[in-house]
Amino acid sequence: MKKFSGLMLFLLLSNHAMAQAPLQATQLLEQRVQLLQLGLQPKDADTLVDAFANAVLQRNGAVQYAFYCKGLRATNLVGFQQMNWVTGASSPSVDSFNIDKGVDGKYVITYKLVAGGKEVGSMVDMLQVVEEPSETGKMRYCITSYSNR
């Protein structure tokens, strides 16, 4: 009976440990992503907008999302997930961009679109950048509003 009880205890503890492993792996991955996002944070608004425009050029939705403020993240998370964090299209694609700085943290980014090596048009993003506390309490610059045309 002691061997059976010991075996049962071992199996119960093993099952408990295996059930905890995926949770720990998920928590570790979330922590890793948060640290990467913190590491990406620019020191000023101009640098953030330039990095955001480069992320659009690279079709990197994860970086774009990292620059959003909390409210914008909440309303856009599902969309980024549905696109598998890859934004834009392979054709036409963004070839280059120009940034115009407005007042009160407002920026206009104009992207040149190309297809088959030829310019086919443009796309415009309008952003507003603010400074707000991050998840760690440190102040960070982030995009509080975003629209495109």
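Rings of Phe, Tyr and Trp, the last represented by its six-membered ring, are taken to pair if their centres lie within 6.5 Å, and a pair counts as stacked when the planes are under 30 degrees apart. By this rule, the count comes to nine aromatic pairs. One of them, formed by F80 and W85, is stacked, with 5.6 Å from centre to centre and 10° between the planes. The structure in question is a predicted model, and the values below are computed from it.

The protein chain contains four helices and four strands. Along the sequence these elements follow the pattern α-α-α-α-β-β-β-β. Of the 149 residues of the protein chain, 25% count as buried.

A66 is found in helix α3 and, with a relative accessible area of 0%, is buried.

Strands β1 (residues 93–101) and β2 (residues 106–115) pair in the antiparallel sense, over eight bridges. Within this pairing, F97 has Y111 in β2 as its bridge partner. The two strands form a hairpin with four residues between them, and D104 in the turn has a positive phi of about 55°.

A search of the whole structure finds two salt bridges. In one, K101 pairs with D46, and the closest N and O atoms are 3.3 Å apart. Because K101 lies in strand β1 and D46 in helix α2 (residues 45–57), this pair ties together parts that are 55 residues apart in sequence. K101 is exposed, with a relative accessible area of 57%, while D46 counts as partly exposed at 38% relative accessibility. In the other salt bridge, the side chains of D95 and K112 meet at 3.4 Å, N to O. D95 lies in strand β1 and K112 in strand β2, so the contact ties together parts that are 17 residues apart in sequence. D95 is partly exposed, with a relative accessible area of 41%, and K112 also counts as partly exposed, at 30% relative accessibility.

A covalent link is also present. The search of the whole structure finds one disulfide, which joins C69 to C142 with an S to S distance of 2.0 Å. The torsion about the S-S bond of C69 and C142 is about 90°, so the disulfide is right-handed. C69 lies in the loop between α3 (61–66) and α4 (70–82), and C142 lies in strand β4 (residues 139–148); the pair therefore ties together parts that are 73 residues apart in sequence. Residues count as buried under 20% relative accessible area. C69 is accordingly buried at 3% relative accessibility, and C142 is buried with a relative accessible area of 0%.

The largest pocket has a volume of about 300 Å³. Of the 20 residues that line this pocket, V56, T87, G88, M123 and Y146 are the closest to its centre. The elements that give two or more residues to the lining are α2, α4, β1, β3 (118–133) and β4. The most is given by α4, with three residues.

Methods: Residues numbered from 1 in each chain as written. Predicted model: local features only at pLDDT ≥ 70, side-chain atom pairs only at ≥ 80, totals over all residues. Heavy atoms only, no water. Pairing = 2+ DSSP bridges. Disulfide = S-S within 2.5 Å. Buried < 20%, exposed > 50% of the residue type's maximum accessible area, 1.4 Å probe, protein only. Salt bridge = Lys/Arg side-chain N within 4 Å of Asp/Glu carboxyl O. Phe/Tyr/Trp six-rings, centres within 6.5 Å; stacked < 30°, edge-to-face > 60°. 1 Å grid on protein atoms, 1.4 Å probe; cavity = no way out; pocket = protein on both sides within 12 Å on 5 of 7 lines; lining within 4 Å. Points joined across faces, edges and corners; volume = space filled by probe spheres on them.
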